Amino acid sequence: MSALVASDVAKTYGGTRRVRALDGVSLAVDDGAFVVVVGPSGCGKSTLLRLFAGLTEPTAGEVLYDGEPVAGPSRERAMVFQEFNLFPWRTVRENVTFGLEMAGVGRAERRERAAETLALVGLEADADRYPDALSGGMRQRVGLARALAVDPGVLLMDEPFGSLDARTRATLQRELIAIHARERTTVLFVTHDIDEALLLADRVLVMTDDPNRIVARVDVPFDRPRDDDVETTAAFVDRKRRIRAIFRGDAPAVPE
Amino acid sequence: MSLSARRRHQSGGAILLLAVWVAAAWRVGPALPGPTALARATADLYRSGALVDALSGTLVRVALGYGLAVAVSFPAGALMGVDTRLDAFLGTYVTALFVTSVASLLPFLILVAGTGAGFYAAVVFLFAVFHMVLIVRAGLATVESGTRDAGRVYGARGWRAYVYVLLPAALPHAVAALRVGYNRAVKGAVVAELWIYAGVGELLHGYQRFSQTSSALAVVVHVVLLAVVGVRLLRAVERRYAGWRVVTVR
């Protein structure tokens with residue numbers, strides 16, 4: 001069954017100077033799948049994620065989670081943000097358990113869950129530190145732990161590694177692959193980085209701007225667990241070339 | 001600038017100021033007391049008890065008006081920062097009074113409130129409250145959209161968003177408001193006392209009348225200390241509880 005579905009979704013911003021952020025987007029993300037939307041800046045991929053998160057509403061079309069229309073945010077659809085968006089006044093543990101606290105989960109259970117998720121992202125020793133004292137990579141681990149702590153139905157990841165240096169990004173990509181293999185959480189991930197998309201995804205959806213819509217679907221058949229070596233295979237390079245050609249407008253778009 | 005470099009520059013500034021002061025006092029003569037005359041006058045003021053009496057009176061007046069300003073500005077600023085209707089309703093008046101010279105209202109306030117405790121409380125309150133409202137409002141209004149989004153996604157909606165996300169996020173501004181408000185409150189108390197010839201104001205007028213410049217300067221130094229010590233204490237609170245964001249208010 002599809003965890004996330006968008007049917008012919010459009011989103012327009014602004015008053016007199018209207019901007020079409022999404023222009024007839026349809027997609028489905030199956031339970032347990034790792035789907036990556038790749039596209040250039042301004043193609044509307046973050047808007048698409050915000051629609052699934054319930055942080056904004058579509059102007060036209062329908063956005064569903066588990067067969068029901070999305071009406072506002074929910075812990076079932078946890079989000080990891082590019083700018084981390086941690087709460088600087090709360091410790092790492094308090095950040096991680098924020099969603100549980102809002103759900104009325106007791107302190108003892110929150111601590112237990114924080115210990116589990118912090119172990120998952122390798123930050124057990126940093127539970128009592130504040131976000132200010134952490135590196136960018138560590139902060140995003142906290143962001144990921146905060147999302148996993150609420151045991152969500154889907155993880156929505158908005159260019160989560162976009163503001164990290166290349167080495168940290170590669171480390172976190174590997175960790176995310178391992179976590180997904182263990183937890184089997186459904187993931188919808190957006191990025192502008194083709195390599196990242198192909199490394200992480202079961203399926204890549206290619207978005208273009210003007211019009212802002214999904215123009216192609218690329219299945220990624222590489223075995224899991226994956227490592228960096230997959231990037232040197234002919235199949236990887238071939239898919240990368242195809243997506244680049246679509247971005248340049250040199251290749252025919254293959255609608256989903 | 002590194003901390004040690006900053007300290008070096010501060011010490012350099014103090015030495016330069018002291019040198020200019022000594023040279024000016026020597027050149028001007030008795031009208032401008034030097035450091036030793038100031039020290040003697042300070043010792044005399046402490047012996048007579050006049051300074052302690054005046055300053056304790058000033059502190060009580062500051063506490064009264066400042067307490068009132070905190071009690072009004074925090075809820076008002078916090079609501080204006082999130083409620084656009086209330087902000088539109090009150091914003092213009094708060095901003096107009098913020099840019100108005102409160103000192104120009106003093107004759108009017110004397111007519112309305114007399115010259116008792118109510119007058120001092122009103123002046124100190126008016127000196128502090130508008131700055132504090134605007135800083136607290138800015139704290140709430142400038143909470144980053146990403147922080148709000150994270151709160152919403154993880155279940156903080158309605159009053160929970162306010163209590164668990166917006167108010168804590170505005171804490172650095174709240175402490176900055178306390179700091180700026182205290183500074184303004186001390187100024188307000190001194191201005192009020194100068195008008196009514198009470199407390200520190202009475203001392204300053206008296207010393208001026210009899211050309212006791214060293215005693216007048218000693219009083220001024222203590223007023224400055226009263227403000228600086230309070231602001232320093234609030235800065236320490238700021239670093240301890242809201243160190244993640246430095247709010248600069250001039």
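Gly151(B) belongs to helix H7 of chain B, which covers residues 145-153; helices (H or I, at least four residues) and strands (E, at least two) are DSSP runs numbered from the N terminus. The model is predicted, with local features requiring pLDDT of at least 70 and side-chain atom pairs pLDDT 80 or more, while totals for chains, interfaces and linings use all residues. Residues are numbered from 1 along each chain as its sequence is written, chains are lettered from A in the order in which they are written, and side-chain values use heavy atoms, without hydrogens and water.

**Chain B**
- Gly151(B) is buried, at a relative accessible area of 1%, where buried denotes under 20%, exposed over 50% and partly exposed in between (1.4 Å probe, protein chains only).
- A distance of 9.0 Å separates the C-alpha atoms of Gly151(B) and Leu166(B), which are 15 residues apart along the chain.
- Chain B contains 11 helices and 0 strands, and its C-alpha trace spans about 70 × 50 × 30 Å along the principal axes.
- Of the 250 residues in chain B, 41% are buried.

**Contact between the chains**
- Asn85(A) is located in the loop between strand S6 (77-80) and helix H2 (92-96) of chain A.
- Asn85(A) is buried, with a relative accessible area of 11%.
- A polar atom of the Asn85(A) side chain lies 3.1 Å from the backbone oxygen of Gly146(B).

**Residue Glu183 of chain A**
- Glu183(A) is situated in helix H6 (residues 166-183) of chain A.
- Glu183(A) is partly exposed, its relative accessible area being 36%.

Technical notes:
A polar contact is a pair of N or O atoms within 3.5 Å; within protein, one must be able to donate a hydrogen and the other to accept it, and residues adjacent in sequence count only if both atoms are side-chain atoms.
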